[in-house]
Amino acid sequence: MASEVEKKAVFDTESAKEVVKELRASFVAGKTKSYEWRVAQLKALLKMMEENEPQIAAALRDDLSKPELESYIYEIAMLKNSCRLALKEMKHWIMPEKAKTSLTTFPSSAEIVSEPLGVVLVISAWNYPFLLSLDPVVGAIAAGNAIVLKPSEIAPATASLLAKLVANYLDSSCIKVVEGAVSETSALLEQKWDKIFYTGNGRVARIVMAAAAKHLTPVALELGGKSPVIVDSGINLQVSIVLILPHVCFLCDLHADILICVFQVATRRIIAGKWGCNNGQACISPDYIITTTDYAPKLLDSFKHELERFYGKNPLESKDLSRIVNSNHFARLSKLLDEDKVSGKIVQGGERDKTNLKIAPTILLDVPLDSLIMNEEIFGPLLPIIMVDKVEDSFDVINSSGTKPLAAYLFTNNKKLKEKFVAKVSAGGLVVNDTTVHVAEHTLPFGGVGDSGMGVYHGKFSFDAFSHKKAVLYRGFACDAFVRYPPYTRGKLRLLQALLGGSLLSIIRALLGWS
Amino acid sequence: MDKFMIDLETDLEVMRECCRSGKTKEASWRRSQLKGLQTFLKENEVEILRALREDLGKHYVEAFRDEVGLIKKSLNLALKDLQKWMSSREAKLPMIALLSHAELVPEPLGLVLVISPWNFPLALSLEPLLGAIAAGNAVVLKPSEMAPACSSLLFNTLPNYLDNETIKVIEGGPAVGEQLLLKKWDKIFFTGSARVGRIVMSAAAKHLTPVTLELGGKCPAVLDSLSWSWDKEVAVNRIIGAKYGSCAGQACISVDYLLVEKAFSSAVVELMKVLIKKMYRDNPLESQSVGRIVNKHHFLRLKNLLTDKMVKDSIVYGGSMDEDSLFIEPTILVDPPRDSTIMTEEIFGPLLPIITLDKIEDSIDFINARPKPLAIYAFTKNEAFRRRMVSQTSSGAVVFNDAIIQYAADTIPFGGIGESGIGNYHGKFSFDTFSHYKAVVRRSFLTDFWFRFPPWNNYKLELFETAYNYDYFGMLLVILGLKRSRRRFDVR
């Protein structure tokens, strides 16, 4: 019996055209516009997560060796939150917003109506393959669009799982997953979309925007950059007093009534944002640190101490760290470490395990600003510390790169320094005395500026990202400003001047012929 | 061209340095520039109106109504509300984020490029310019070479009123535009045709520059049967004003074509003829109550629209053209073939096709079968029809019982969708379009979610789940050990 190799159907331009055609027909038929449909899809997403948590975590483990709890906390729980928020708030979001009207259009009333854009394309990234695929989809559903999702091929287990789950749980006449790599993505990008939402890197973002330009398709680009952390001296001696009740003390495995623990809070927060977020492979991970020459040794000690507490003496064996996603990125990161001017600067870590694609949390001190590691987004477990004389010099270091990052962080107690930071550093988002937390807050728009991206989402901003805000103006026939029409006269000019000047008094004067 | 590029780069570097140093961020700088614009308008009103008449044959009242007056209004608003627009907005945080504080801080994007068109050469240059200034940006303005008197006025006179280190006017045509598009901008604001809009966005893509594109389209007017003769007259006046009275129909928001019910159409045409005569008198060219066509190229383009025999036969009023004075009289056509060029391309001129339908409700399908326009104008008192018009069509804006006037409203966004554009502006929307809203979170060291950190265990997972649900009571139960994790998390 001859074995037949089943060839998967090639997804080319024709296939892409067919998909868009089908979705457009669904959209035009009004399927996605109904409130009930949107609610049903969001509820189905929640159900999908409830019933498939182990499978999702397993796929993330396959793709990234992501610790189960990171999978839960940063991917599944955050997505559940998005769904729940949309279900709760959608009816408010959908309501038209009343707008005031002024004298120039008197009498009139106006409102701004949110309507779906139509058929949208969501292209997601490999580092949070579940969240970054479905979080934009939640916004697109809430806004009433038909959707094609193209998950990243660099996280194949998750992509494949998403294709299966979306087909089983969501309305496939309106929401589809297309798996594939460069050629499939290119086929999709040739089509006319009503919006493209892309998460990834700047190089591909340029390709996406250029493709969108051909059809005048608006885009949202969630990119990255080198997110700096400025650490001012003295903050690490902060004591964080935490009330711990029985059954709780995870550190010392004791039962205690009240325990006051002294934590090196700033360091822990930086570690959580760096190695605790997919082992540094996150767009908002702290990329590098800037601190004063005097303070650097203290900071380094604190890091060494806390890293051991988190990941043990052999971090390559810790189950709580993601691996490097694939050998390409492993080679890329190795190259950053092996550069001559940098290899001697490693002060912590540096161990690598090529077979298992693991790199230990690595800290470098005083790398040259023109090294490779300081000129591309690291996206890995390497943390350079740059030293300056005065902490205020950090702003120049950040701004000299000429690009604006997705996030910037400052640890300090100095109020003036905080104000200077907010005034001088431009980034998608800033956090003082913590890292990455702003991503979980739905009242904050999440997005970049300049090279770190354009457009925002999360919470209601997701709904807005996939909506068209249509202005609607209602006028009556009762008053007609005859001044608008020819024949044009000096008198009409005077009245127009008064009308557009907005002053009631001058209008009266003009009407009476007194001006 | 090389010298141009070298000089340009030097100038742009100076402008970027001003942005970096925070010069343009200062409220005082913004105010002084906006006031400078006000003074420019005040002291040069006569020259401006003259330039508009020279470029487009606009009567000075039309020029004031559509350009000078509107910019004055926008400047007044920007100066009045600047402080409010510039201030940070607090963002609510949930209780669990105790002792944290979050706000949205607007900041300028940096160095922006504004490219404006020829039909409202003053208004469409200064409206985006003032928005960019209010938002604290340095600006390069390239007005259209097809309105040379205005372009020259802006190039020669405007700099006397503004800070030349941070705001520049550059004159030129497509070649200059191309050179400008090679540079890296923090934002490009383009008003013009969809064809050039694509070129602008493609160039912007190379630098990941965000764009606002104010394009056009065929803006339909839908005229329902109205019982009161007063209403009918007002409606028709507004339609013909919006067609012929604003730059002779060469406006992105002009009424492009009109949809009426068959039964009603001849009455409409008759009423139109009467009101056109009343408004524009016997010699609209002499009274300048209808502007002229901008140049020979567009004149011939419009002339060609009428060469098709079937289109020509559908003319019921007007149709005469004078190539020397580039004047076309207000023209009405009834039911030209739907696939003729006049019905498939944006007309941008004083020719009004009227398409008759069996029922007025058919207008919705008619509109939806075509690209999304910048505006839809529906003249109707029928509530149900209005609701359908809003919910079943898509356009930049919908205006009921009037046309063009939405441009003057600064509390609603002005912009397109699909082929009619990306982004919007006017009023505070102008400020927003040239700003980046930076999220700023301040946390305290005193409180911490200690369960954020590894080493991981199921207990922390349970705490996270309750935290994400803002289930404070549940959190307490977990802490007290009264709630066990129902999940045995062990992925092998």
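Which residues make a nonpolar surface patch of about 740 Å²?

## Model and surface patch

This is a predicted model, in which local features need pLDDT of at least 70 and side-chain atom pairs count only at pLDDT 80 or more, while totals for chains, interfaces and linings use all residues. Residues are numbered from 1 along each chain as its sequence is written, chains are lettered from A and ligands numbered from 1 in the order written, and side-chain values use heavy atoms, without hydrogens and water.

The patch consists of L103(A), F106(A), F482(A), L504(A), I508(A), L511(A) and L512(A). L504(A) belongs to helix α16 (residues 504-511) of chain A (a DSSP run of H or I, at least four residues; strands are runs of E, at least two, and both are numbered from the N terminus). L504(A) counts as exposed because its relative accessibility is 56% (exposed is over 50%, buried under 20%, partly exposed in between, with a 1.4 Å probe and protein chains only).

An open sheet of 10 strands with mixed pairing runs in the order β10(A)-β13(A)-β14(A)-β9(A)-β8(A)-β15(A)-β16(A)-β20(B)-β2(B)-β1(B) (two strands pair if DSSP finds at least two bridges between them). At the edges stand β10 (346-348) of chain A and β1 (89-91) of chain B, each with a single partner strand, so one side of each has no neighbour in the sheet.

Strands β8 (residues 228-231) and β9 (residues 288-292) of chain A run parallel and are joined by four bridges. P228(A) is opposite Y288(A) in β9(A).

## Annotated site

The unreviewed UniProt entry annotates E214(B) and C252(B) as "active site" (positions are in the numbering used here, feature names are shortened, and annotations may be inferred rather than shown by experiment). They span 39 residues in sequence, but no two of their C-alpha atoms are more than 8.7 Å apart, so they gather at one spot. E214(B) lies in strand β7 (residues 211-214) of chain B and counts as buried, because its relative accessibility is 3%.

Conventions. Patches are made of residues with over 30% relative accessible area and no salt bridge: like charges are joined within 9 Å, nonpolar side chains (Val, Leu, Ile, Met, Phe, Trp, Tyr) within 5 Å. Accessible areas come from the Shrake-Rupley method with a 1.4 Å probe; for residues, only the protein chains shown count as cover. A salt bridge is a side-chain nitrogen of Lys or Arg within 4 Å of a carboxyl oxygen of Asp or Glu.
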